[in-house]
Each structure stands twice: as C-alpha cells, then as structure tokens.
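Here is a briefing on one protein model, arranged by topic. Please keep the structure open while reading.

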Amino acid sequence: SHSSKRMKILEVVPRFKLAGAERMAESLIYGLTCLNQDVEVVSLFDHPSSITEGFCAKGITLHSLGKKEGLDLSLLVKLTSLFRSRKPDVVHTHLYAAKYAIPAAKLAGVPVCLHTVHSIAEEELSSADRKLQRFFYKTGMAIPVSISPMVRKTVSECYGLSEGNLPLVYNGVTRPKVGSHTEEKDVFNYLHIGRFEPVKNHGVLIDAFERTLRVVPDARLTLLGAGELYSEISSKIDSLGIASNVRMVGEVSDVCPFLEEADVFVLPSVYEGFPITLIEALQAGVPCVCSNVGGIPDIVIDGYNGVLCEPNVENLTEAMVLVATDSSYVAGLRSNCRSSCEDYTQEKMSENYLALMKRLVLDED
C-alpha cells in the first residue's frame with residue numbers, strides 16, 4: 001500500500017552544536033533511519049561536531065551549506081536547488097533554519113513542511129522570525145509540531161492557532177548506558193548540564209549551591225557545557241570561595257559517566273521546552289531538582305520523580321538542601337525515575353513523527 005512506501009525526509013538544522021534541540025534532531029535522524037526511511041541531513045553552517053562525525057560514520061548523507069553569519073539570502077538559492085535535486089516528501093526544520101528552508105521547500109514543490117517548536121513559542125525565535133513563522137502557519141506552508149502540552153499551549157497563543165489541531169510529539173532519546181547507582185560514597189553529587197547562557201540560570205545555581213554548602217559542606221557540583229557566560233560564572237565561583245567544590249568540565253559528547261555518579265540533576269532554567277538532558281537524567285535513574293517552568297512540569301512530578309521549585313536562590317537552595325539531607329526521600333524519587341519516562345524514547349518519538357509525516361503526505365496526494 002501507499003502508506004508503506006519509504007519516505008524521503010530532509011532534516012534541516014542551523015548547525016549541530018551539542019545542545020538540546022540539535023541532540024533531539026540527532027536522535028530523530030537515527031530513529032527514522034532505523035525505521036527504514038530515507039533520511040538526509042542539512043546543516044546551514046559548515047560546523048563539524050561529534051554529532052556530524054557520527055552521521056558520517058553511520059553513512060547518513062550530510063549537506064553543509066556554508067552559511068555566513070547574519071542573514072544569508074544565498075541560502076534560499078542553495079536550499080531550493082538542493083530540494084529540487086533530492087525531491088523530499090518532507091522537509092523538517094528546527095530552530096531558525098525554518099525561515100530559509102520553508103520558502104525554499106515551497107519554491108521546490110516539496111509537499112509537506114514540518115517545524116518542531118523546541119521551546120516556549122515566544123522564546124523560540126526572534127520577533128521578526130515569529131512574524132514570518134506566523135505567515136507560514138496561517139497559509140499552511142508549514143505545520144508546527146510541539147514537544148510538550150505546555151509548548152503547544154504557547155504555540156496556540158503566540159500564533160493564533162486552534163490548539164486542538166496542533167500536533168504534539170514528545171522528545172525522546174535512547175536510554176543512556178549507565179550502571180546502577182553506588183551508595184557507598186559520602187560526597188553528595190549535584191549535576192547540571194546546559195549551555196552557559198542566561199536562560200540556564202547559572203548565577204542563581206551558583207548562589208544556591210554556595211548556601212547549600214553551609215548545610216552540606218562536602219557536596220560537589222559538576223557543570224557540563226560551554227557558552228558565553230563560562231568565564232563569568234567561573235569567576236563568580238572563585239569569588240565565592242567554593243571552587244574546590246565545583247567541577248567545570250566544559251562540553252562533553254558523552255554524559256553517561258557523569259549521570260552515573262550523580263545523586264541529583266539540577267535544572268534551574270528560566271524557561272524550557274522539553275529538555276533532552278532532563279529525560280536522560282530520569283532514564284538514568286537520577287532524580288531532578290528543576291524550576292517549575294515551560295514543559296518541565298509535563299515530565300517532573302513534584303515529590304514523585306523530582307522536586308519542582310521557583311528559579312530563585314531561596315527556593316532552589318531549599319530544594320537542594322532537602323535532597324542532600326533526606327536520603328530516604330531521594331531513594332523514593334529515584335525508584336520512580338525510570339518508569340516516569342517510558343514515553344520519552346527515541347523509538348516512540350520517531351514512530352510518532354513518521355506517522356504524522358505519512359498522514360500529511362497522504363493528505364497532500
């Protein structure tokens with residue numbers, strides 16, 4: 001039957017840095033490939049990373065388009081000719097790749113464009129890009145896919161679309177290969193994974209950790225990630241005199257060893273969509289202390305698999321002290337982590353995207 005035909009799907013991402021949206025796209029690309037679909041990858045920038053190296057090693061075609069910084073209209077020409085030659089059934093865009101790829105896809109006669117909204121709608125794109133995106137959605141040039149119920153609500157409000165018609169597909173990742181947690185050590189390990197950007201709220205995290213140390217003096221905080229605020233946060237740690245309790249590791253391509261030794265994952269972001277790092281932590285059996293924002297309360301249930309708090313120093317400190325001083329409470333949270341994220345796997349996400357793509361392509365026929 002027609003619905004069983006192999007689809008040609010082009011996944012378009014600005015660049016494959018080691019961040020959440022890019023890692024979700026990576027997970028989906030492998031997942032769709034495992035489902036025997038014909039998937040090719042488009043990176044607007046020439047920006048190699050461990051993710052793009054993985055594509056090459058697995059024989060997945062990667063087109064890098066050499067984008068210049070800032071608005072680069074030559075991409076419209078490059079993308080249009082790429083789409084004409086590859087003839088995809090679906091172009092699937094992420095982040096600001098949409099403003100280039102969606103008009104190019106329409107010029108090239110691509111039947112279906114999907115765009116995944118990776119964050120709450122009003123934070124996902126610049127205001128100019130949101131105006132353009134609104135036009136794409138209203139005219140049916142592209143269909144937004146939300147990654148959590150909360151994100152879907154913001155897409156509906158931001159773009160004036162009726163929520164009932166908006167597709168929702170949860171993010172999913174392959175379960176990290178992590179051994180069972182060892183209890184015998186006496187240091188309490190907090191882990192944070194995130195870009196050093198204002199949204200991730202490192203300043204508040206460091207202040208809260210400094211206060212936590214007054215109650216739990218031998219606790220340790222490990223920070224994974226890189227970004228614009230790295231040296232500023234590093235100086236703050238030094239000036240508070242807590243450098244011996246904080247490890248700044250930088251960017252890593254494999255978070256498993258860090259999840260393995262973590263007692264609690266901390267995510268005090270100002271806003272979030274449906275964080276990949278959080279799903280990985282839960283799948284590794286690591287309870288989470290998170291801010292009660294965006295899609296986080298769609299995953300973390302307070303007192304069940306984690307602790308929800310407001311992203312300020314006082315509330316975060318209280319939550320961090322609670323988990324470090326009440327071991328039976330944390331053991332209870334830990335026992336619920338894995339079962340609470342069974343819906344957030346690479347397989348389920350890929351199957352759901354594929355079903356959505358097939359439905360939309362069949363409607364177009």
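S291 stands opposite C309 of strand β12. The two strands involved, β11 (residues 288-291) and β12, pair in the parallel sense over 4 bridges. The model is predicted.

**Strand β12**
- β12 spans residues 306-309, and both of its faces are covered.
- G306 and L308 lie on one side, V307 and C309 on the other, and all are buried.
- In general, side chains of a regular strand alternate between the two faces of the sheet.

**The six-stranded sheet**
- An open sheet is formed by 6 strands with parallel pairing.
- The strand order is β3-β2-β1-β4-β5-β6.
- β3 (62-64) and β6 (143-146) stand at the edges, each with a single partner strand, so one side of each has no neighbour in the sheet.
- Neighbouring strands are turned against each other by 25 degrees on average, direction ignored.
- Helix α1 (residues 20-34) packs on this sheet.
- α1 touches β1 (8-13), β2 (38-43), β4 (90-94) and β5.
- The direction of α1 makes about 165 degrees with that of β1.

**Strand pairs within that sheet**
- β1 and β2 pair in the parallel sense over 6 bridges.
- In this pair, E11 stands opposite V41 in β2.
- β5 (residues 112-117) pairs with β6, again in the parallel sense, over 4 bridges.
- Here V117 stands opposite S146 in β6.

**Burial of β1**
- β1 is mostly covered, with 6 of its 6 residues buried.
- K8, L10 and V12 point one way from the strand.
- I9, E11 and V13 point the other way.

**Helix α8: span and burial**
- α8 covers residues 202-215, which is 14 residues.
- From first C-alpha to last, α8 reaches 20 Å, close to the 20 Å expected at 1.5 Å a residue.
- Buried residues in α8 are H202, V204, L205, I206, A208, F209, E210, T212 and L213.
- These buried residues pack against strands β7 (189-193), β8 (220-224), β9 (246-250) and β10 (264-267).
- They also pack against helices α9 (230-239) and α13 (313-325).
- An α-helix has 3.6 residues a turn, so residues three or four places apart point the same way.

- R214 and V321 are 107 residues apart in sequence.
- In space, the C-alpha atoms of R214 and V321 are 9.6 Å apart.

**α8 against α13**
- The axes of α8 and α13 come within 8 Å and cross at roughly 45 degrees.
- The two helices are therefore oblique to each other.
- The crossing of α8 past α13 is right-handed.
- On the α8 side, the contact is made by V204, L205, D207, A208, F209, R211, T212 and V215.
- On the α13 side, the contact is made by V313, E314, L316, T317, M320, V321 and T325.

**α3 against α4**
- At what angle do α3 (residues 74-86) and α4 (residues 98-107) pack? They pack at about 45 degrees, with axes 8 Å apart.
- That angle makes α3 oblique to α4.
- α3 passes α4 in a right-handed crossing.
- From α3, the residues in contact are L75, L76, L79, T80, F83 and R84.
- They meet Y100, A101, P103, A104, A105 and L107 in α4.

**Helix α11**
- α11 (residues 276-283) has 8 of its 8 residues buried, so the helix is largely enclosed by the rest of the structure.
- The buried residues are I276, T277, L278, I279, E280, A281, L282 and Q283.
- Just after α11, G285 takes a positive phi of about 80 degrees.

**S156 in α7**
- S156 is found in helix α7 (residues 149-159).
- S156 has 14% relative accessibility, so S156 counts as buried.
- Leaving aside neighbours within four places in sequence, S156 is in contact with L161, E163 and L166.

Conventions
Residues numbered from 1 in each chain as written. Predicted model: local features only at pLDDT ≥ 70, side-chain atom pairs only at ≥ 80, totals over all residues. Heavy atoms only, no water. Buried < 20%, exposed > 50% of the residue type's maximum accessible area, 1.4 Å probe, protein only. Contact = heavy atoms within 4.5 Å. Pairing = 2+ DSSP bridges. Axes fitted to C-alpha atoms, helices over the stretch in contact; angles between N-to-C directions. Expected span 1.5 Å × (residues − 1). Parallel < 35°, antiparallel > 145°, perpendicular 65-115°, else oblique. Left-handed = near helix turned anticlockwise from the far one by under 90°.
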